[in-house]
Amino acid sequence: TYSVADIAGLNFVTKRILTNAAGAIAGFAAAALTPIPSTRGATIAATMFGVTTTCVTRCRESLERSGHQVLVFHATGVGGQSMETLIRDGLIEVSLDITTTELADELVGGVFSAGPDRLSAAGDAGIPQVVSVGALDMVNFGAPESVPAQCSTWTFHRHNDFDTLMTPPPAQSAQLGRRHADIASSSRRPPPIPL
């Protein structure tokens, strides 16, 4: 980025910009000193995608009524990575991993991969978890022309001009099922029961 006006002396523009910057820094400093109140219940991470929104919303509402705090992560690659990081950092006590579509994108090369370690943090941490296969039957790509040629015979759904969803054929679906089960069953506690 570039500055609106060069800092070659002060004027009404640079004074406003520097005043705003000082105010932002002061606000950040004050906020860092304010303790964040804890909840009486557990801190729960949940994953959501368009087709799992209704399910996750109902789970979140029910859990919040019971006094728990639910952090919802959109399963678009970055969301799954963020959730896994917070679990590894010890900030999440329960994982409600309803949407595991990022595993399909990792296997096939879709745009919403969360990396090869997706779904492993809760098991490694030994926290309680519910694991489901929400949206595992779809791989996400951009515009139709972005779909790799080797996938051209798969079943497509053009969501809009910028999002193309594909259903993996049986061989890839079986591979996804095995990968999903292998990761989930490697938990430090008894394996979760896939829903």
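Which element gives the most to the lining of the largest pocket? Before I come to that, a word on the basis: this is a predicted model, in which local features need pLDDT of at least 70 and side-chain atom pairs count only at pLDDT 80 or more, while totals for chains, interfaces and linings use all residues. Residues are numbered from 1 along each chain as its sequence is written, and side-chain values use heavy atoms, with hydrogens and water left out.

The answer is β7, with 3 residues, where strands (E, at least two residues) and helices (H or I, at least four) are DSSP runs numbered from the N terminus. A pocket here is an open set of points on a 1 Å grid over the protein atoms alone, where a 1.4 Å probe fits and protein lies on both sides within 12 Å along at least five of seven lines, and lining residues have an atom within 4 Å of a point. The largest pocket has a volume of about 220 Å³, a volume being the space filled by probe spheres set on the points, which are joined across faces, edges and corners. Its lining comprises 13 residues, with F49, N140, H159, D163 and L165 nearest the centre, and the elements that contribute two or more residues are β5 (139-141) and β7 (163-167). By class, the lining holds 6 nonpolar, 6 polar and 1 charged residues; Ala, Val, Leu, Ile, Met, Phe, Trp, Tyr, Cys and Pro count as nonpolar, Asp, Glu, Lys and Arg as charged, and the others, Gly among them, as polar.

Let me turn to the sheet that holds β7. It is an open sheet of 3 strands in the order β5-β7-β6, with antiparallel pairing, where two strands pair if DSSP finds at least two bridges between them. Because β5 and β6 stand at the edges with a single partner strand each, one side of each is left without a neighbour in the sheet. Neighbouring strands are turned by 25° against each other on average, direction ignored, with axes taken as lines fitted to C-alpha atoms, for helices over the stretch in contact, and angles running from 0 to 180 degrees between N-to-C directions. β5 and β7 are joined by 3 bridges, and V139 stands opposite M166 in β7. Between β6 and β7 there are 5 bridges, the two strands forming a hairpin with 2 residues between them; H157 has L165 as its bridge partner, and N160 stands opposite D163.

Within β6 (residues 155-160) sits F156, which is partly exposed at a relative accessible area of 36%; the scale, with a 1.4 Å probe and protein chains only, sets buried under 20%, exposed over 50% and partly exposed in between. Beyond four places in sequence, F156 is in contact (heavy atoms within 4.5 Å) with V147, C151, T164, L165 and M166.

The other sheet is also open, with 4 strands in the order β2-β1-β3-β4 and parallel pairing. β2 (69-74) and β4 (129-134) are its edge strands, each with a single partner, so one side of each has no neighbour in the sheet. β3 and β4 share 4 bridges, D97 being partnered with V131 in β4. Helix α2 (residues 53-65) lies across β1 (43-48), β2 and β3, running at about 165° to β1.

Lastly, T100, in the loop between β3 (94-99) and α4 (101-108), is buried, with a relative accessible area of 1%.
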